[in-house]
Amino acid sequence: MNEMTTIARTTTLKDWETDQEVRWCPGCGDYAILKAVQRTMPEIGTTPENTVFVSGIGCSSRFPYYMETYGFHTIHGRAPAFATGLKLANPDLDIWIVTGDGDGLSIGGNHTMHLIRRNLDCQIMLFNNEIYGLTKGQYSPTSRVGTTSPSTPYGSVDRPAQPAAFALGAGARFVARGFDVSKELPNVLKAAHAHKGAAFIEIFQNCIVYNKDVFEDFAAPKGAEDRQLWLKNGEPMIYAKGTKGIALDAEALHLKTVDVVDGDWQAAGVIVHDVTNRSVAHMLVEMRFGEFPMALGVLYDDPRPTFEADVVRQNKAAAEGKTADLQSLLKKGQTWTVTEGGPEL
Amino acid sequence: MATAVVDQADKRQSPLSDAVVVRFAGDSGDGMQLTGGQFTLSSALAGNDFATFPDFPAEIRAPQGTLFGVSAFQINFGSSAIDTAGDAPDVLVAMNPAALKTNVPQLKQGGLIIADEGEFNDRNLAKAKYEANPLDDGSLAKWQLLKLNISQLTMDAVKPFGLGNKEALRCKNMWTLGLALWMFDRDRQPLIDWLNAKFAKAPDLAAANVAALNAGHAYGETAELAGPLKQHHVDPAPVAPGLYRTLTGAEGIALGLVAGAQLAKLPMFFGGYPITPASAILHHLSRLKEYDVTTFQAEDEIAAICSAIGASYAGSLGVTSSSGPGIALKGEAMGLAIMTELPLVIVNSQRGGPSTGLPTKTEQSDLYQAVYGRNGDAPMPVVAARSPGDAFECAIEAVRIAVQYMTPVMLLTDGYIANAAEPWAVPDLTTYEAFPVEFLTEAPEGGFKPYGRDENLKRPWVKPGTPGLLHRIGGIEKELDTGHINYAPENHQAMTDIRKDKIDGIKVPDQVVELGAEGGKLAVVGWGSTFGPIHQAVRRKRAEGLDVSHVHIRHIWPLPANLGELLKSYDKVIVPEMNTGQLKTVLRDQYLVDAKPVNKVSGQPFTIAEIEAAIEEALK
């Protein structure tokens, strides 16, 4: 989110669409995310000219071309670094980073980590499809063990990274999850935008060509309520139409699923979601799907001062009371004057 | 170096007869760089022209007494124009056996060795791999030797101040400096003032250091009658009147960048990552917030340049800086800046390579990298500084080109320039022509074209936040005018041609002949920090009557329009470089001239004598 300096005007979805032909594969999950973003923008009170989409390289990174805003399609993995310079140079801009599991966690993992650690005010949308799409289907750092791909014909053997856990570990003050076709996605995006600081959103995205339906186990509409836990601040962590919930095993210090009888979630010990509880957030991002439902929505949200605000403040304080006279700077330190009679201090 | 000195070039018979080269050498922890720096200041106050050469190891605190832990500082000062830090020292101050061993081979025959015999014990001799004590075995016979127990003399001098052994010995360098000040008839007061200011919070330390300084000075006075020690007065150099200061290359770059940003009327954003010998530029700029400078220490070299490009996109002057290995990491991002046509200054403080190479030693081996080192046809202007003072001018020039042509610009300097100091006549900023940037703020007649162009083939610079000019940029090939994605064959041909034509068309000043004449038997063509030794060597050879001229190229890319004709006006061209012949290759390629290489890659600057020998060889 950013402090608006321009007067917000009313926009509609159309105002956020470019005239560019969208070049994703037909049926790609990116279309749904694009629509969700374009639908969200008019509702968050920002303007197209004040908005910049910054991306790296990959399928997801074509995103800026399709948003009628300012956009910078940069190089592989480095979008966070461009965004940092951009935001430091103009803190009024509303910056959205679009990245993927390869771009943001493999080649650009370092920058993602530092952007989050510094808490630059921006939204980071990481489209996780667990595969390299644009390079034709190699396994990615989020691919599950055993993923067969052109580069892993016998199955991948390395353990996958968990984006939300990575972000929280890097010091994120906002972590959320959604998926491409979810109707809740705009609400997640709005919450991310409302958070002042680096807001990390993992968006599960269906790559229909190279990793089709890899998230169907939790994203399929049928029986979704049994497999998705949509977190809401201040509300109990219940799912499966209120028949199940998440509770804390206080002795083992981990989460567990419990049955909720007759809607009495309190009796079952179900936790009330507190978005500012960092300890619980650590457990939520680590919750293994299968044993647990997939935790979605805003997992954690507890703002801290932002990097660019602190930089601006320090720059101002350091410059306070000093005159920016370059000529006097040039002669700073020990100087001497040469006259016809020779040098003197 | 010679920037501030009245050029009396060819009048002189023996240009260095009135100059002295002193080399202070000791252990990394002995404070030799500090001693050298203060001696430099005293040379400046004595009105001498000078050039310095700090030569230190890559290790921060190398094990004491070792050969690789030796840190040295050489200064050449004199009463006439000084262009280099000098070839062979006249005086070597050796604070331990290792310093003697690594530095004495360069000492002029008959030169003076001042050795701290207190440090020539069995342990230190073994560490320096001496089998016998060289102070006693006659192996130094071709030099004059003055052995003093500087350690003991210092301890005696600071005794009244009750310092511990270790602290007392730390004053050794001030004792040595005191002796050097006496030797060259220098005023002690500025150094005493400096010590009192430096140790304002520890008056005991200040007093002890001053006492050591005075004791060293007094020793010179009393010992004069006996040994080889003689007092030598070097007259002030004939220098143009004006205000002077000492300037290192890193300071020159930092100040020049700030001046350039002011002339362009832009805030500056500097993205850097620590690397030797470039970090000093980041350090200088990070203290200049009041000049609308934002500095950002990024997580790596790539993020440093990417953040700078991001800032340029936002409408600031983006600057990044590194040395060879870091520049290599930035290569892909430079390509993006070329593709998106955003202004950017990339400073490369070159060091010995490849790979980690010689972090603290100088080299000029990144010229290919600067001119050619990117994927695709990625032309980029390259400007090279010849000295600390010139670095100021070159930084301004790099900023000018970057914003006037919307292009990244590589500014080359090297480890020698970065660390070396020279007297600098403080320029009057009002004499510099401003080149204020005009951002596009509304659509021009005929509609807004993000990749439309002016007469310089420059595209418009639009700040995000500007209503009505929304557009997208990126590294994928752009369509002519619109900047949309376009892979069409004819479009890529046209865009590649435009990118090349834009850089080729950059207006750079015509090449001048530094010394000598247009046309003749031999041109010595240099670039960067070889300026000093080439200039002196050509001056000496011309004084001997040889037909030789010095051409020094600042604009490495694009090259000055008249350079080809100029080079062809000489019978022969030699190109001394601290690499294996990189500018030579470019000149041959561009002009089909038979440029002959003169190369040195030892991590040390050329000596004047080496260039003189090359001139003699070429004119045989």
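I'll start with one pair: Phe72(A) sits opposite Ile473(B), a residue of strand E15(B). The model is a predicted one, in which local features need pLDDT of at least 70, side-chain atom pairs count only at pLDDT 80 or more, and totals for chains, interfaces and linings use all residues. Residues are numbered from 1 along each chain as its sequence is written, while chains are lettered from A and ligands numbered from 1 in the order in which they are written.

Back to the strands. E2(A) and strand E15 of chain B, residues 472–474, run parallel and are joined by three bridges; strands pair if DSSP finds at least two bridges between them.

Now the whole contact. Chain A gives 52 residues and chain B gives 57, where two residues are in contact if their C-beta atoms, placed from the backbone, lie within 7 Å. On the chain A side, the elements with two or more residues include strand E2 (70–73), helix H2 (79–89) and helix H10 (307–319). H2(A) gives the most, eight residues. By type, that side has 25 nonpolar, 20 polar and seven charged residues. Ala, Val, Leu, Ile, Met, Phe, Trp, Tyr, Cys and Pro count as nonpolar, Asp, Glu, Lys and Arg as charged, and the others, Gly among them, as polar.

Last, chain A as a whole. It has 11 helices and 15 strands, taken as DSSP runs (helices H or I, at least four residues; strands E, at least two) numbered from the N terminus. The C-alpha atoms of chain A fill a box of roughly 100 × 50 × 45 Å along the principal axes.
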